[in-house]
Amino acid sequence: MLTQNQEHKAAELSAPPYDRSALKPYLLHIGFGNFFRAHTAFITDQLARTGESHWGITIVNLFKADGIRQLRQQNHLYSVTQVEAKAKQEWIIGSVIASLHPVIDGLPAIMAALSAPELKVISLTITEKGYGLSPATGELDLTHPLIVADLKSPETPHSAIGVLVEGLRQRYAACGTPVTILSCDNLAHNGDLTRNAVVAFAAQRCVELAHWIENNCTFPNTMVDRMVPKLSAEIRASLNPETLAVDQLATACEPYCQWVIEDRFVNGKPEWNRVGVNFVDSIAPYEMMKLRLLNASHSFLAYLGLLAGYKTISETMGDQSFRRAVIRLMLDEQAPTLKLPPEISLNDYINSIVNRFETPLLHHRTQQIAIDGSQKLQQRIIPSIQYHFDKGTDYTLLILTVAAWMRYASGISERGGILEVQDPLANELKRIYIQHGLRDQVVDEILKIPNLFPVTLANHPEFKATLRNSFNRLLKSGAQKTVEQLVTC
Ligand code: CS2
């Protein structure tokens, strides 16, 4: 609860220099996390600053209500600070104009917003696990507990997909106005996967609804890029104290910001291209490049760095062996799997990633990036392993990332301390470790978890043996020595 004094101060966060009352709820966004605040909302705010956009955002948060309550206390304003060595730039974001939460406002209010004729775009940042997909196949997992529950009572859904489909059903009944659905999560072909999940869920309810969605909604694929770490005490210390005193939602990020979107909007779009967004025919080369170079490297540094005792990505990059290893991962094991967009130079792109990772100001914690590995590896690492496996080429650093994730999943650090494991499979992983201990049998057991890895790999003796070797190497030598040995040989 805010004190009266804080409430008074919160109202003082000064609005950006445009008429917010002229913004209309054309965009509804599900998920009020840090990334959204510093990316989609930030970009929409930049556009509003041109004075020529009426695009405003309604936020829907399905889980935590605190952020929404706080946002309302702050008149839907909050700050985003771009941290960089030379200067910090602080923005007060005004593009969010309304907010909804099922517990505070009730589900019917959310459904009314989703079926409003003036709504043109629905965007999502619900994290990889929020889609209820099977990591191995990318299809909607009809055994996923939230999906099972929502299919039983589809008119009172809790999952993002269930809410979306019920909203679209009511939209179909109320006005039938087409709408664009924009996934902004780090999934390969995020639009296609979202369409498949939504249509599959809808088909379980009513085939006619599934057809309406297929024919009246588009799901452009998008590639998003901006590092937005959780606000740590270290970053807080570098932000403007006057803003912090009135802003409980202060967000910090790097200056870098990229958004590439397939130009398949069915009912109008914001002119985001005026503020740096690229609308293209196909984002496939961009998303592969970003997932396999940036995100995969992040996971490599997160798991191996965490095991070696490093707290942040920049600290891990400060260790020359890790720095060399991650560059080698990008150049030797990821680049061969990619077809880059024609205007991109591989070396420049890799150099820019290295520079971004080295920025100490961001304090991007290895622990934060390690979250949800069971969902992330399938997007960033596994397809490249499959590529090398089929070709018979080297994937030592890729498989080491998987082995390091498995080792991290034990919840025990190399010094015998506790590692906090946050993953949808955390309980399952814990059960395996309790049964087998810190021994390489766990590798086979984890590979047996249904829908985690593609069966072509999970059942292959050679793949299993390679993964076990990598895992044993980590057990025997530790992350630091293993990485050091790999880059010096
Ligand atoms: C990170 C991403 O946490 C993670 O898994 O790799 O959030 C990364 O910071 C963003 O994708 C950068 O655009």
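Tutor: A helix axis is a line fitted to C-alpha atoms over the stretch in contact, and the angle between two axes, taken between N-to-C directions, runs from 0 to 180 degrees. The model here is predicted: local features need pLDDT of at least 70, side-chain atom pairs count only at pLDDT 80 or more, and totals for chains, interfaces and linings use all residues. Residues are numbered from 1 along each chain as its sequence is written.

Student: At what angle do helix α15 and helix α24 pack?

Tutor: Two packed helices are described by the angle between their axes and the distance between the axes. Helices (H or I, at least four residues) and strands (E, at least two) are DSSP runs, numbered from the N terminus. Here α15 (residues 320-334) packs against α24 (residues 461-488) at about 60 degrees, and the axes are 9 Å apart. That angle makes α15 oblique to α24; under 35 degrees counts as roughly parallel, over 145 as roughly antiparallel, 65 to 115 as roughly perpendicular, and the rest as oblique. The crossing of α15 past α24 is left-handed, a term for a near helix turned anticlockwise from the far one by less than a right angle; clockwise is right-handed.

Student: In what order do the six strands of the open sheet lie?

Tutor: Two strands pair if DSSP finds at least two bridges between them. The order is β5-β2-β1-β6-β7-β8, and the pairing is parallel.

Student: Which strands form the open sheet with mixed pairing?

Tutor: Three strands form that sheet, in the order β4-β3-β10. Its edge strands are β4 (88-93) and β10 (251-253), each of which pairs on one side only. On average, neighbouring strands of this sheet are turned by 20 degrees against each other, direction ignored. Strand β3 (residues 78-83) and β10 pair in the parallel sense over three bridges, and threonine 81 stands opposite alanine 252 in β10.

Student: In which sense do β9 and β11 pair?

Tutor: They pair in the antiparallel sense, over four bridges, with β11 covering residues 258-262. Valine 224 stands opposite tryptophan 259 in β11, and aspartate 225 faces glutamine 258 in that strand. Strand β11 is also joined to β12 (residues 278-280) by three bridges, and these two run parallel. There, isoleucine 261 stands opposite phenylalanine 279 in β12.

Student: Are the residues of β9 buried or exposed?

Tutor: A residue is buried if 20 or more other C-beta atoms, placed from the backbone, lie within 10 Å of its own, exposed if 12 or fewer, and partly exposed in between. In β9 (residues 222-225), Thr222 and Val224 point one way, Met223 and Asp225 point the other way, and all are buried. Four of the five residues of β11 are buried, so that strand is largely enclosed by the rest of the structure.

Student: Where is phenylalanine 219 found?

Tutor: Phenylalanine 219 is in the loop between β8 and β9. It is buried because 26 other C-beta atoms lie within 10 Å. By contrast, threonine 127, in the loop between β6 (121-124) and α7 (145-152), has 19 C-beta neighbours inside 10 Å and therefore counts as partly exposed. Phi of threonine 127 is near 65 degrees, a positive value in a residue other than glycine.

Student: How many residues apart in sequence are phenylalanine 35 and cysteine 253?

Tutor: They are 218 residues apart in sequence and 8.7 Å apart in space, C-alpha to C-alpha. Phenylalanine 35 belongs to helix α2 (residues 34-38) and counts as buried because it has 21 C-beta neighbours inside 10 Å. Another pair, alanine 409 and serine 79, is 330 residues apart along the chain, with C-alpha atoms separated by 35 Å.

Student: Which residues surround the ligand?

Tutor: A residue is near a molecule or strand if its C-beta atom, placed from the backbone, lies within 6 Å of it. Around the ligand are Asn186, Asp225, Arg226, Met227, Asn295, His298, Ile369 and Lys376. This shell divides into two nonpolar, three polar and three charged residues. Ala, Val, Leu, Ile, Met, Phe, Trp, Tyr, Cys and Pro count as nonpolar, Asp, Glu, Lys and Arg as charged, and the others, Gly among them, as polar.
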